[in-house]
Amino acid sequence: MEDLTFEQAMQRLEEIVSLLEAGKAPLNESMALFEEGTKLSAYLSQLLDTAEQKVTMITVRDGAETEIPFDTQEGE
């Protein structure tokens, strides 16, 4: 699953949701789709958490904007 991009994983998750909502898949296939969807959801959440950690916070100090990495504590 790590070889999927965010967009590919999201697209597959949307496909799974559509298939499950249609309700036409047999029970065993629905369970497999649900399990795959759960794994994709966790993977997407992990990707978003990683991206969030890379976000730069912008603060105003002495009238000037200063970039501070998201994971850096002020004063370091």
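To begin with, is glutamate 35 buried, partly exposed or exposed, and at what relative accessibility?

Author: Glutamate 35 counts as partly exposed, because its relative accessibility is 47%, and the class runs from the 20% limit for buried to the 50% limit for exposed. The model is a predicted one, and what follows should be read as a description of that prediction.

The side chain of glutamate 35 forms a salt bridge with that of lysine 39, at 3.4 Å from N to O. Both residues belong to helix H2 and are four residues apart, about one turn of the helix. An α-helix has 3.6 residues a turn, so residues three or four places apart point the same way. Lysine 39 is also partly exposed, since its relative accessible area is 46%.

This pair is one of three salt bridges found when the whole structure is searched. Another joins the side chains of glutamate 15 and arginine 12, at 3.2 Å between N and O. These two residues sit three apart in helix H1, so about one helical turn separates them. Glutamate 15, with a relative accessibility of 36%, therefore counts as partly exposed. Arginine 12 falls in the partly exposed class because its relative accessibility is 25%.

Arginine 12 also takes part in a salt bridge with glutamate 36, where the closest N and O atoms are 2.9 Å apart. Here the pair links distant parts of the chain, with arginine 12 in helix H1 and glutamate 36 in helix H2, 24 residues apart. Glutamate 36 has a relative accessibility of 28%, so it is partly exposed. Taken together, Arg12, Glu15 and Glu36 make up a network of salt bridges. Side chains of opposite charge can pair when their charged atoms come close.

Within H1, the buried residues include Ala9, Leu13 and Ile16. These three lie on the same side of H1, because they cover an arc of only 60° around the axis. Glu7 and Glu21 are exposed, and they are carried on the face of H1 turned away from its buried side. Just after H1 comes glycine 23, which has a positive phi of about 70°.

Serine 30 is located in helix H2 and is buried, because its relative accessible area is 18%, under the 20% limit. Its side chain reaches the backbone oxygen of alanine 25 at 3.4 Å. With neighbours within four places in sequence left aside, serine 30 is in contact with Leu20 and Ala25. Serine 45 is likewise part of helix H2, which runs over residues 27–54. A relative accessibility of 37% is why serine 45 counts as partly exposed. Although serine 45 and phenylalanine 6 are 39 residues apart along the chain, their C-alpha atoms are separated by 9.8 Å.

Definitions and conventions: Residues numbered from 1 in each chain as written. Predicted model: local features only at pLDDT ≥ 70, side-chain atom pairs only at ≥ 80, totals over all residues. Heavy atoms only, no water. Buried < 20%, exposed > 50% of the residue type's maximum accessible area, 1.4 Å probe, protein only. Arc of directions from axis to C-beta. Salt bridge = Lys/Arg side-chain N within 4 Å of Asp/Glu carboxyl O. Polar contact = N/O pair within 3.5 Å; in protein donor to acceptor, adjacent residues only side chain to side chain. Contact = heavy atoms within 4.5 Å.
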